[in-house]
Amino acid sequence: MAKHLVTLTVNGDTYDLVVSDNQTLLDVIRDEVNLKGTKRGCTTGSCGVCCINNAKGEAVLSCLTHALEWDGEEITTIEGLEADGELDAMQKAFIEYGAVQCGFCTPGVIMSARAIVNAHPEPTEEQINAGLAGVNCRCTGQIKVKEAIREDHRFRHKRETGSGTQD
Amino acid sequence: MARKTEIGTPDRSRRRPKFDGELGSREKIDLDVIGKRQPRLDGPEKVSGRSVFADDVQLPGMLCGKILRSRYAHARILGIDTSRAEALPGVKAVITATDAGEIDVNGREPVFASDVVTYIGEEIAAVAALDELTAEKALDLIEIEYEELPAVMSMRRALKEGAPLVDGKTEGNVWSDDIDNYGEVEPAFEAADYIFEEKYEAGVTHNLFAEFHVAVVDFSLPDKLTLYTPTQTSYLMQHALAPAFGLTLSQVQIIHLNTGGAFSGRGSVRPHHYIAILLSRETRRPVKIFATGDEEFLVCRALGENKYKMRMAMKKDGTITAFDMEAEMDGGAVGTEVGYFGWMAGLCNSWVFPLEGLRMRRRCVLTNNRPNFLGHGGLMLSTNAAIMQLINTVAKKIDRDPMDIMYQNAIEEGHTGLSGEWFASCGLRECIETVRKASDWDNRYGKLEPYHGLGIGIGSMAAGAKGAFRHDTSAVMVRVSEDGIVTVYTGIPDMGQGTHTTMAVIVAEVLGIDPNDMKVVAGDTDLTPIDVGAFAQRGTIQTGNAARNAALDAREQLTVYAAGKLEVDKDDLVFRGGKVYAQSAPDKLMNFKDLVYKTLHGKEGRSVMGRGFYNSPLQFGTTSWSFGAQIAEVKVDPDTGEVQVLKVWVAHDLGRAINPLACEGQIDGQVYSAMSQILYEEVQTDAGLYLNPSRLEYKVPRSYEMPEIDYYLIETIDPFGPFGAKEIGEGIIVVSGGAIAAAVSDALGGEFIGEMPMAPWRVLKHIKRAQRQEAAGRTAA
């Protein structure tokens with residue numbers, strides 16, 4: 001198995017990594033960078049629990065892509081959403097609206113949800129549904145997940161204007 | 001070999017708890033914390049990726065374990081050669097049946113097949129290696145010589161005369177044949193004005209929890225076994241594993257930090273747990289086994305194929321008097337107590353209808369399919385889907401509104417069921433009236449466009465099932481720390497249902513504090529008191545009562561100092577809003593945190609630690625049942641057969657809503673899962689091979705397919721539940737299934753659809769047949 005040097009920036013931190021041909025981005029995030037929030041599920045792109053965001057803020061299934069393709073790239077994982085010790089608006093919305101149950105798929109669902117609002121700050125029903133097509137959550141039936149995504153902007157507004165209770 | 005039982009009506013007196021109060025009083029108590037929308041206490045960890053699941057556990061020196069599984073449904077193993085695998089650098093152990101010795105799984109099945117394999121996916125050998133790739137390579141190097149044997153892949157084949165015997169000894173492949181006869185069945189049918197008969201079949205499913213099967217084991221020291229795994233019952237796992245490995249219960253530590261969904265699929269130990277333990281014992285290093293994508297479908301033990309025949313006796317006025325049900329259940333290659341779930345499924349009917357007679361026959365049939373066990377909603381989902389559909393279609397035949405039939409037959413508070421169950425609280429009729437009004441049923445039913453339907457389902461669910469498990473005890477400890485922070489210690493797993501937050505809310509109510517000032521310690525048998533686990537909808541009522549008792553014990557300890565300090569009688573004290581004060585003189589008050597500090601740092605140094613336990617006062621069964629009514633509205637595409645669920649109105653008598661936010665979440669998930677199983681979910685196989693072993697091909701609803709859901713939480717304040725609470729665990733899914741199935745049938749003009757899932761091709765078959773009949777009718781005219 002050939003080895004390659006890969007420089008990968010995860011949540012703003014840059015890592016110099018030695019990766020094998022067969023290592024996926026998911027393997028590297030979990031085993032080399034040692035961030036366990038990105039979950040291992042089917043590893044064949046059907047369950048969505050390994051979702052992360054690329055530099056453009058788009059959803060990427062980390063189990064389906066080789067790590068060596070990510071040399072020089074920047075990615076964001078679930079651990080990278082907090083800023084200044086505070087949870088991100090989407091994370092807060094998920095808690096408040098009860099969009100979390102067993103929590104195993106939650107990191108992947110939140111990264112998918114972030115990708116939706118990155119592209120459409122106040123998404124329509126269709127945009128939310130399209131963005132959630134890659135995940136399935138038997139606990140919540142995605143109903144409160146959608147509610148949280150619809151209301152995420154409310155939490156963002158709080159942070160931007162400083163009018164929220166957290167300030 | 002087959003087990004045969006026949007049981008008549010049991011002694012009813014055993015199932016009635018002592019109760020002196022007044023039924024239906026719905027005692028009004030002023031509550032401060034209960035009934036508020038409380039976000040999960042573990043929310044911040046779960047949304048930030050901090051929550052640790054078994055696969056995230058990384059122990060020093062840990063090896064990767066992999067299992068070699070049978071490629072044949074039935075074959076003799078002529079030889080196993082592991083020498084090449086053992087020689088591969090990086091391989092630390094290769095084990096087979098010889099290494100498992102006398103150890104078996106639950107006394108039912110071998111850990112590894114030795115001379116015969118009886119299903120595809122059966123465990124034959126396992127390896128532990130430095131990394132996953134090496135372990136996989138080693139599996140490829142194990143050589144097995146098989147001699148294929150004839151296999152039976154369906155119940156129909158298995159029951160045929162002369163069919164090969166799946167386990168070589170069970171006559172006719174009937175693993176169990178149980179009959180229960182409650183009340184007077186035959187007289188009820190003889191006296192009936194109408195007898196309706198239908199057949200119903202349900203297909204194979206997967207529990208589809210998000211977290212795959214995984215076990216991380218450290219058994220590197222001979223007297224200490226630690227197992228990290230998702231589970232619904234750590235304490236029953238201890239009971240299974242300790243004797244198998246010659247350990248005491250306390251030498252087995254089960255850690256389930258978080259459980260990524262269960263849906264009735266994590267109630268037992270499975271071969272992979274034993275294999276990980278054997279590999280760790282062999283290598284004296286920690287071992288992790290993690291199921292890969294399609295392996296997950298092979299090892300999952302959800303529902304197999306189930307077939308029902310049912311007869312219903314009815315009087316002219318619409319009174320339902322008796323059911324006679326026969327179920328055939330595919331147990332797969334290993335006989336299981338799936339018959340018990342068949343019993344529950346039949347019995348459910350006597351929890352909603354005041355029947356004169358109920359007969360249930362359940363046969364568990366062995367086949368060379370995957371061993372089956374239980375799915376979300378169990379057999380109760382499929383039987384209720386059939387029965388509710390039957391009642392909805394029958395109503396049309398006798399020119400009655402199904403809503404009226406449901407209402408007229410619904411049991412009421414104080415009713416005694418056929419097997420002796422006594423229903424101390426019951427809001428079934430209130431639920432029916434609620435959804436009837438909310439959905440505008442009276443103005444809409446029967447008046448919708450073609451291929452557009454409405455259906456009503458009702459149902460009930462027992463909160464707890466004492467006697468189904470080794471024991472039924474729940475114990476809870478409440479520790480009040482120096483700074484006034486209260487920690488709840490519980491052994492009940494939270495696999496998403498939110499039970500840890502429920503327990504915190506109950507304790508917070510008793511101590512008058514904010515649940516956000518609390519911690520829950522759970523998921524580790526070394527730390528928490530005993531709890532038999534989270535199944536049979538027992539959490540809220542059993543563990544909830546234990547939590548309440550533990551909180552009351554802690555409060556009692558705190559009143560000693562408070563009563564003296566405030567110079568009031570201790571029975572006069574109120575704990576509320578973070579304060580402790582006298583009911584008679586509210587200005588005599590102190591802060592909860594001050595009280596805790598002073599109690600601890602007083603002369604005696606009283607540390608406050610409450611303990612509580614609960615075990616149902618009955619010998620068997622439960623004291624409390626939830627009830628529900630739901631209406632579903634669906635639209636069917638006559639060209640494709642595709643069903644769209646537009647809306648579901650849900651009214652559920654849950655006793656008391658401890659945390660309405662979590663209750664709504666339970667409703668969402670169960671409507672989703674009911675809809676998924678009624679319309680979509682089906683493991684497809686060809687000669688035992690899985691054709692759709694992934695979440696792309698095994699269809700479940702996507703967010704755009706979810707209906708709008710209206711929630712109505714009906715509080716009947718059960719006299720036995722903590723603060724009157726019963727359950728909202730699987731009570732919803734059973735009723736949703738009935739409502740959705742009935743709505744599809746209504747959309748097709750009242751035709752009974754005897755197959756589940758109602759996949760487009762099946763629905764289309766019914767549409768085409770109806771269209772052909774209509775065309776033939778026109779031609780004849």
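**Core, domains and chain contacts of the predicted complex**

The largest nonpolar core comprises 299 residues, and B:Val507, B:Ile740 and B:Val744 have the most contacts inside it. A nonpolar core is here a set of buried Ala, Val, Leu, Ile, Met, Phe, Trp, Tyr and Cys residues joined through C-beta atoms within 7 Å. A residue is termed buried if 20 or more other C-beta atoms lie within 10 Å of its own, exposed if 12 or fewer do, and partly exposed in between, with C-beta atoms placed from the backbone. In soluble globular proteins, nonpolar side chains tend to be buried together. Apart from neighbours within four places in sequence, B:Ile740 is in contact with B:Gly455, B:Ala632, B:Val634, B:Val645, B:Ala674, B:Met675 and B:Ile678; two residues are in contact if their C-beta atoms, placed from the backbone, lie within 7 Å.

The model is predicted: local features need a pLDDT of at least 70, side-chain atom pairs count only at pLDDT 80 or more, and totals for chains, interfaces and linings use all residues. Residues are numbered from 1 along each chain as its sequence is written, while chains are lettered from A and ligands numbered from 1 in the order in which they are written. The average pLDDT (the predictor's confidence in each residue, from 0 to 100) of chain B is 94, and 99% of the residues score at least 70. For the complex, the predictor gives an ipTM of 0.96 and a pTM of 0.96.

Between the chains, 45 residues of chain B are in contact with 42 residues of chain A. On the chain B side, the elements that give two or more residues are helix H1 (43-47) and helix H19 (660-680). Helices (H or I, at least four residues) and strands (E, at least two) are DSSP runs, numbered from the N terminus. H19(B) gives the most to this side, with nine residues. By class, the side of chain B that touches chain A has 19 nonpolar, 17 polar and nine charged residues; Ala, Val, Leu, Ile, Met, Phe, Trp, Tyr, Cys and Pro count as nonpolar, Asp, Glu, Lys and Arg as charged, and the others, Gly among them, as polar.

Chain A is divided into domain 1 (3-79) and domain 2 (89-161), the bounds coming from an automatic or database domain assignment. The C-alpha centres of these two domains of chain A lie 21 Å apart. Their contact takes 14 residues from domain 1 of chain A and 13 residues from domain 2 of chain A. Strand S3 (residues 51-53) of chain A gives the most to the domain 1 side, with three residues. In helix H4 (residues 125-132) of chain A, A:Ile128, A:Gly131 and A:Leu132 are buried. Seen down the axis of H4(A), the buried residues fall within an arc of 95° (taken from the directions from the helix axis to the C-beta atoms), so they line one face of the helix.

Chain B is divided into domain 1 (54-149 + 209-262 + 266-299), domain 2 (306-463 + 624-773) and domain 3 (470-614). Taken over C-alpha atoms, the centres of domain 1 of chain B and domain 3 of chain B are separated by 40 Å. In this pair, 17 residues of domain 1 of chain B are in contact with 16 residues of domain 3 of chain B. Helix H7 (234-244) and strand S14 (252-255) of chain B are the elements that give two or more residues to the domain 1 side, and H7(B) gives the most, with five residues. By class, this side of domain 1 of chain B has six nonpolar, 11 polar and no charged residues.

B:Glu337 counts as partly exposed because 16 C-beta neighbours lie inside 10 Å. H10(B) is mostly covered, eight of its 10 residues being buried. The buried residues of H10(B) pack against strand S10 (174-183), S17, helix H11 (349-352), strand S18 (357-366) and helix H12 (378-397) of chain B.

B:Asp472 is found in the loop between strand S19 (452-462) and strand S20 (474-480) of chain B. With 22 C-beta neighbours inside 10 Å, B:Asp472 counts as buried. B:Asp472 and B:Ser616 are 144 residues apart in sequence, yet 7.6 Å apart in space, C-alpha to C-alpha.

The peptide bond from B:Met756 to B:Pro757 is cis, with omega near 0°.
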